[in-house]
Amino acid sequence: MVDTIQPLLEIKHLKTQFFTSKGIVPGADDVSLTIDKGKIVGVVGESGCGKSVTALSIMQLISEPGKIVGGEILFDGRDLLKSSKQQMYTIRGNEISMIFQEPMTSLNPVYPVGKQVAETLLIHNSHLSKEAAKKAVINMFELVGIPDAKRRFQVYPHQLSGGLRQRIMIAMALICKPKLLIADEPTTALDVTIEAQILQLLKDLQEEIDTSIMIITHNLGVVAEVCDDVYVMYAGKVVEHSDVFELFDHPKHPYTKGLLKSMPRSDVDEQRRKLYSIKGMVPNMLRPPQGCRFHPRCSEAMDICKKTEPTVVTINEQHCVSCWKYNER
Amino acid sequence: MNDILVKVENIKKYFALDSGVMGDKGEVVHAVDDVSLEIKENETLALVGESGCGKSTLGRLLIRLLDPSSGHIYYKGEDISQYSNRKMRKTRKEMQIIFQDPFASLNPRMRIIDIIAEPLTTHIRMSQKEKKQRVSELMKLVGLRSEYMMRYPHMFSGGQRQRIGIARAIALNPKFIVCDEPVSALDVSIQSQVINLLQDLQEQKDLTYLFISHDLNIVSHISDRVCVMFLGKVMEIGDTHEVYEHPLHPYTKFLLAASPVPDPHLRNQKKLVLKGEIPSPIHVPSGCRFHTRCPFAREICKEKEPPLVTREGRSISCHFPLE
Ligand SMILES: Nc1ncnc2c1ncn2[C@@H]1O[C@H](COP(=O)(O)OP(=O)(O)OP(=O)(O)O)[C@@H](O)[C@H]1O
Ligand SMILES: Nc1ncnc2c1ncn2[C@@H]1O[C@H](COP(=O)(O)OP(=O)(O)OP(=O)(O)O)[C@@H](O)[C@H]1O
Ligand code: SF4
Ligand SMILES: [Mg+2]
Ligand SMILES: [Mg+2]
């Protein structure tokens, strides 16, 4: 029998909008996304394309003036959008946890870091003793590579480097052994040598505790390093999704192709060559373009692209794209 | 052989921190700690290294936006390190800087025309008409529509603002520009537009760049030579191509290996992960300041600081250079 891979998370046609004084911003617009058990899935795209909004929608942490106005989010069989506040509260931090984009704002500056992590554990496991929680936290600190873990239990966030703080965040996110870890730009603020450590750590942890991971990044290098599957977003929409190798070897969407081509590489013969660049700029999300949202910048746009939104085309089992170029047949 | 345009010798910049509330002695940040290097006319020298290693400080020292604690800066052979402000005026026209953050570096209350013309009007007397004329030329040169000159910065995107910063930097026809992370704040699809612009301008106007960046892929694309810094000191300088192909300093090797490569087929080939955190520039480690993280460190590395040794155009500071 063939192993059937089971989806852990299935987002179907998610719509999250922001009702601002200037109009409606379609933060996530008909986003569908699947994360299989034990996989690392990357979500890439440029600033404002809807990556964080998608993640926060899963956690149901969208706040005013934002609102989830449609779609389903199936997690382990349950529709999260139909769950009560109380149910979400127990899922969050326990079964699904998130590392937020701004690490400094997510740690409380006046509590020792160890205590903060222990608290997360105790909230979801009220039967644990304080001593047992402390022991579990120190173990977790060791697992995420915090040197001198016992002593680090007592220190305050400002006494730690950026890389160590990020490890604390990861420890906090993993302390309840969640089924899904959402990491929003987990390495963007870090130096490359520390980034490499954290990425390696995420890969190791994924194997060790078999957590599925959703990594949000704008860095295609990070995607290439760690992801199994990739979703490319543009202006609130998923424009392409694929297995990571297929995406880099055979990108289909003109936006994905443009992004990959515009990356400077360190192959030496590429040096001083003119870089490819996608013309124009990211659209104003208060008035996103008609038809395909990428059409004003697309070098392959046709008449239909300006008028009608492209539908999803399946290239093969692992690869889908929303673009009229592949829609003609 | 190109002439040397800018040269620094044994330059240092220490910042004194305010002494602590408890009355403990004031601490000193060794931001740039005895750096010597040369920049040739018409080349791009890249400055790389991790946050806080002193890149911006060195860039600012070179164009005298900061005064050195000690050491010498030569521009076209003349020692400008002790120039008075008045004497610097003429030289300063030839040296400009482009900042990292296109959002913070433009005055939000000034119109684009005044932002771009600012260096012009402080150095040259010109009529309103001449000013308009010149700004219009500059805007076209960097790919902005000149109709927009009466607008304010907030009406422009990040890439456009960075172009405004570039237009201002080239207004006085400088020879030397310090580009301090000019594309780091920009989206990937906009980055390449700005990099191409910088390269075009360099060709058209014979510019010399000091290009500060922590993105090693961009550096390999844009630079002729590269200087790798760690904690205020130069670890390695050389031809970019050669350094990337064959790094001699252990830090360079780990830095290159850590940089994420946009190719999943290469993902498992470079399991070189540097251990530990970056040490503090206040309490600089003894001997070679990289020794606390270096897997090749031996006894001498803790005791004696390795000098920067130059051989065949490559300089390195390491007791045990890689083969
Ligand atoms: N609180 C809010 N009010 C109004 N609009 C919002 C709000 N939060 C997000 N948006 C809008 O929703 C869209 C998607 O934002 P999101 O934060 O998901 O982007 P992102 O892909 O995470 O970008 P980045 O890479 O900059 O983090 C953007 O156009 C943004 O302006
Ligand atoms: N005005 C100042 N007062 C005190 N310390 C300073 C000052 N300016 C810089 N420093 C310190 O000097 C060191 C070098 O800073 P610098 O800004 O040159 O680093 P950098 O390499 O440009 O880093 P980044 O990549 O983060 O821009 C840092 O430790 C920084 O905190
Ligand atoms: S649908 Fe048309 S405009 Fe959109 S990406 Fe495809 S070809 Fe370009
Ligand atoms: Mg975000
Ligand atoms: Mg800097």
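Student: Which residue follows H6(B), and is its phi positive or negative?

Tutor: This is a predicted model, in which local features need pLDDT of at least 70 and side-chain atom pairs count only at pLDDT 80 or more, while totals for chains, interfaces and linings use all residues. Residues are numbered from 1 along each chain as its sequence is written, chains are lettered from A and ligands numbered from 1 in the order written, and side-chain values use heavy atoms, without hydrogens or water.

The residue after H6(B) is B:Asp206, with a positive phi near 50°. Helices are DSSP runs of H or I with at least four residues, strands are runs of E with at least two, and both are numbered from the N terminus. H6 of chain B covers residues 188-205; its 18 residues should span 26 Å at 1.5 Å a residue, and the end C-alpha atoms are 26 Å apart, which agrees. That expected span is 1.5 Å times one less than the number of residues. Because 14 of its 18 residues are buried, H6(B) is largely enclosed by the rest of the structure; buried means under 20% relative accessible area (1.4 Å probe, protein chains only).

Elsewhere in chain B, strand S2 (28-40) and helix H1 (55-62) each give at least two residues to the shell around ligand 2. H1(B) contributes the largest share, three residues. The shell residues nearest to ligand 2, out of 13, include B:Ser51 and B:Lys55, where a residue counts if one of its heavy atoms lies within 4 Å.

Key: Buried < 20%, exposed > 50% of the residue type's maximum accessible area, 1.4 Å probe, protein only.
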